[in-house]
Amino acid sequence: MVSVAIAVPLWLHRPGGALAGLLLVLVALNNAAFAGEPSAPQRVVSMNLCTDQLAMLVAGEGQLASVSALSRDPISSAIADQAQAYPVNHGRAEEIHLLDPDLVIAGRFSAGATVAMLKRLGIPVAVFEPATSLDDVRRNLLRMGELLGRTERARELVEAFDRRVAMLSGEPLDPPEAALYFPNGYTRGEDTLVGDIVRAAGFNNIASGLGVAGGGHLPLEQLVVAEPELVITGSRNRGYSRSQAIMQHPVLDEVARFGARRGLVNREWVCGTPRVLAAIERIGALRGELVGSR
Amino acid sequence: MSRLLAVLLALAAALFTVSLIVGPAAIGPLASLQALFAAGDTPLSLVMQEIRLPRAILATLVGASLGLSGAALQGYLRNPLAEPGLLGISGSAALGAVIAIQTGLAATFPLGLPLSALTGAFAGVLLITLLAGRRGGTLSLILAGIAISALASAMVSLALNLSPNPFATSEIVFWMMGSLADRSMQHVWLALPFVMVGAALLLTLGRPLDAITLGEDAAETLGMRLARVRWQLIVGSALVVGASTAVAGTIGFVGLVVPHLLRPWVGAMPGRLLGASALGGAVMVLAADILVRRVLPEADLKLGVITALIGAPLFLHLIYQTRQELA
């Protein structure tokens, strides 16, 4: 892609070369769509659940050599079915090296030692920051497009994403108060992806009033005193844990007029992919229901 | 003696009240106490009645359980280092509780959690009394305790690591250090009956424990049926420690520190120490639970951190004192 971008202006300066230049670009893009450009990486390995999903959306046929094992888990991954088609890795340096990748994509919080080891082995590693807003979803998609030599595909995805976000989010007149409440009594504020999702769906997050912008522990007492109209929580994980038992605390049913709802489906919001649209839609529907009944 | 009990009771009552007033939601002391008795569903009364009250009750119950069983174990084993946490009884109770939660038993059958923790605790006390039994020296008692604790905590880690639930692994800390954060009245009702029965069994051990100070043979001559005393101790300790651990995790050193501090005040009579230690344990855990909420309110500090900070130096001091015997 890079070589095309440089070549095009040269062609365009020649009289009558504009059409030829355009044709060349189209041919180049077509080639990129099928075989990938010569400069684009051909054996990409993703080792993080979120980069897996971005890469699967953006990558061309055969370009993605492996995704992380977690991407096959239907609870965390929005595209667990598609992930069955790819060999999986477990984020260990040895197995990734054996896959002989020409690009490794990792998340910011993927094992630091593994990433350092891969770099020492001379494998290029691109590290993605986790999305903390809807804007980050756009940014990460575009960056993935650049890395994989698929900018056009990424731009299409971003445009479709923007159209849906614009449709789903309106400025409500009287946004109801909601509390986000996750296992271990965690909440998330404005500066997080899920906070942005809830805002876009038309809720006021009580975390803002309590000074929580990122993620933080929300004592049950403060949640009760803040009197949210709705407590929104994520989907249940398999198995049992004390951390999730906090959702069964009897006070949660009494505090909010509309109780506690499992309004979020984890695989739709844990990663900044266009799948967050489904979460906005879901929360938006909850808001409609709530506003209708008050 | 009765003055000591009165002082401890007053102290426990005062700390119980403070425990009700302290919390992340800024509510004035008067307003909070009014809300405690107010009817209705105001947020304040919800906070007081459903969050702070169960917490204070559980701190009292758990503290009393640990203090009482520590005093009883020390009296029976005639060893100042005996303590449910150090001997692995709390650890095996935690293992029982973790198994109940991870198998889903606790979710399908409400009594599954305390019963399973109790079974674990029972196995722990049984092992300790068998291993360190009749003439067991300090060394064998402590070594048996270390082995049982290590095994139990390894099994707790294993069970939580095997869990498909992503949060389970982080709960190893809770089971090792204990916490009373965000418990509800359900937990109180779960633990209370077991603690009551266990405490009744342990508190009636006063006379036999006094007799045992003269040696087991002398106690038998005085008409104590030692086999019965032993079973009463094992079942009683398993009940109180099992039920406490099931709702609050493993809180160490309470059963060590409290009897040790109170012993001089009761004339070194293990029988008298029982009631005093129960109250003293309640005082210590109530105080520790107030501290974890005041010192680092955001950090969700575990109770066991505070009790270990107080208890471990004392433990070392006791080892230093008994090192002649250990050598």
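**View 1. The open five-strand sheet of chain A in the predicted model**. The 5 strands of this open sheet follow the order 3-2-1-4-5 in chain A. Their pairing is parallel. Strand 3 (88-89) and strand 5 (125-128) of chain A form the edges. Each has a single partner strand, so one side of each lacks a neighbour in the sheet.

**View 2. Strands 4 and 5 of chain A, with helix 6 packed on the sheet**. Strand 4 (residues 103-107) and strand 5 of chain A run parallel and are joined by 4 bridges. Within strand 5 of chain A, Val125(A) is the residue opposite Val104(A). Helix 6 (residues 112-120) of chain A packs on the sheet and touches both strand 4 and strand 5 of chain A. The direction of helix 6 makes about 150° with that of strand 5 of chain A.

**View 3. The largest nonpolar core**. This core holds 181 residues. Val58(A), Ile197(A) and Ala72(B) have the most contacts inside it. The most residues, 19, come from helix 3 (residues 43-77) of chain B.

**View 4. Surroundings of Ala72(B)**. Neighbours within four places in sequence are left aside here.

**View 5. The contact between chain A and chain B**. Chain A brings 25 residues to the contact, and chain B brings 27 residues. On the chain A side, helix 11 (220-226), helix 12 (242-245) and helix 13 (250-255) each supply at least two residues. Helix 11 of chain A has the largest share of that side, with 5 residues. By type, the chain A side divides into 10 nonpolar, 10 polar and 5 charged residues.

**View 6. Chain A as a whole**. Chain A has 15 helices and 11 strands. Of its 294 residues, 46% are buried. Take the contacts in chain A between residues at least 6 apart in sequence: 59% join residues at least 24 apart.

**View 7. Confidence along chain A**. The mean pLDDT of chain A is 82. A pLDDT of 70 or more is reached by 86% of the residues in chain A. Confidence in chain A is highest in strand 1 (residues 44-46), at a mean of 96. Helix 1 (residues 2-13) of chain A has the lowest, at a mean of 37. Over residues 1-36 of chain A, pLDDT stays under 50. For that stretch the model has 30 contacts beyond four places in sequence.

Note on methods:
Residues numbered from 1 in each chain as written. Chains lettered and ligands numbered in written order. Predicted model: local features only at pLDDT ≥ 70, side-chain atom pairs only at ≥ 80, totals over all residues. Pairing = 2+ DSSP bridges. Contact = placed C-beta atoms within 7 Å. Axes fitted to C-alpha atoms, helices over the stretch in contact; angles between N-to-C directions. Core = buried A, V, L, I, M, F, W, Y, C linked by C-beta atoms within 7 Å. Buried ≥ 20, exposed ≤ 12 C-beta atoms within 10 Å, placed from the backbone. Nonpolar A, V, L, I, M, F, W, Y, C, P; charged D, E, K, R; others polar. pLDDT = per-residue confidence, 0-100.
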